[in-house]
Amino acid sequence: MSKHLTLVLTLFTFIGFGVAQNPHLPRASKPDPAAEQAARQAQLSHKVDSPDATSNCSYTFTTGTGQNFLQSCVTVNGNVVEFQSPESKESIRVGSYGEGYGFCDFNSNVAYYDYADYGDSGNWLAPTTVSHNATSAKIVRTTSDGIWTLTQTITQVAGTASVKVSMALKNNTGIERAGLLLRWVDADADSTYNNNWGSTSESAFAWNTYGYGLVMQSVAPWTYLEYGYVNSGHPNPCDTGASIIDSPVNGDYGMFLLYFFSSVPKNATKTVALTYKTM
């Protein structure tokens, strides 16, 4: 046997031993059917009937081929409820379709949110679609008390097989206000419920070992970004810490990016952006 072949076999043996012996590495990507069925039932049990929330696709975008194929869709309320990339590898539209936005007004301690199949806060006016085309939609929504207006511009970027979500939050009142804004998704990476999960100061991600994953990454500048989080259930914007769990972890969870606004002056707007991309 040649020295080169001996070295290659030794390296493979060492790597395989390390994966088998290291308890901190993520578990295998494909859970057993019973675990998948249990996770599916748990998701469906948390689905909330709401007269305003919806997971129906109003705008569908399809770009690219092969590894760059991406199909996503957006609801009339501005929820991204499909992310299929590459073809047949879905990361959101599995079981209950959960994705959306939420924010908390610190002045009044009132929460506003819309998470598609996981319900909304019930304090929104009807959305308005300002514009849409083959790859983007711009949707405006004001809270029923008239205090805040959220403008979302959701764009599918063909060259990078990603979806960019821009959120502009305007304070419509004549006084300074403070609060936080988040973007949350119930990811089911690689069309499976049980994934590996992790986060950094600028991102959160779900993935399957030897498979595919979904990452939500904040777009610079990170002026208002706090952190990326893994969480259980869907977050209450006025009590985000209640649902956060330590990661890395394996199971059926969700993830969100959190932005903190210490001051939103009267009639002013704060804007943040993030992307969804296959990993």
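Trainee: Which residues touch the most other members of the largest nonpolar core?

Mentor: Keep in mind that this is a predicted model. The ones to look at are Val165, Met167, Met216, Met255, Leu274 and Tyr276, in a core of 41 residues. Strand S17 gives the most to this core, with five residues. Another core lies apart from it, with nine residues, including Cys104, Tyr115, Tyr118 and Leu182.

Trainee: What is methionine 216 in contact with, beyond its neighbours within four places in sequence?

Mentor: Contact takes heavy atoms within 4.5 Å. On that basis methionine 216 has Arg183, Val185, Glu202, Ser203, Ala204, Met255, Phe256, Leu257, Leu274, Thr275 and Tyr276.

Trainee: Is serine 91 buried or exposed, and how do you know?

Mentor: Buried means under 20% relative accessible area. Serine 91 has 3%, so it counts as buried. Serine 91 is found in the loop between strand S3 (80–84) and strand S4 (99–105). Leaving out residues up to four places away in sequence, serine 91 touches Phe83, Asp186, Ala187, Asp188, Ala189, Asp190, Gly213 and Leu214.

Trainee: What makes S10 and S17 a pair?

Mentor: The requirement is at least two bridges. Strand S10 (residues 177–185) and strand S17 (residues 254–264) have eight, in the antiparallel sense, so they pair. One place to look is valine 185, whose bridge partner in S17 is methionine 255.

Trainee: Why is the sheet with S10 and S17 called open?

Mentor: Its six strands come in the order S5-S4-S10-S17-S14-S15, with antiparallel pairing. Strand S5 (110–114) and strand S15 (244–245) are at the edges with a single partner strand each, so one side of each has no neighbour in the sheet.

Trainee: Which strands does S9 join through bridges, and how many bridges are there to each?

Mentor: Strand S8 (residues 148–157) is joined to S9 by 10 bridges, and strand S18 (residues 269–278) by nine. Both pairings are antiparallel.

Technical notes:
Residues numbered from 1 in each chain as written. Predicted model: local features only at pLDDT ≥ 70, side-chain atom pairs only at ≥ 80, totals over all residues. Heavy atoms only, no water. Helix = DSSP H or I, 4+ residues; strand = E, 2+ residues; numbered from the N terminus. Buried < 20%, exposed > 50% of the residue type's maximum accessible area, 1.4 Å probe, protein only. Core = buried A, V, L, I, M, F, W, Y, C linked by side-chain atoms within 4.5 Å.
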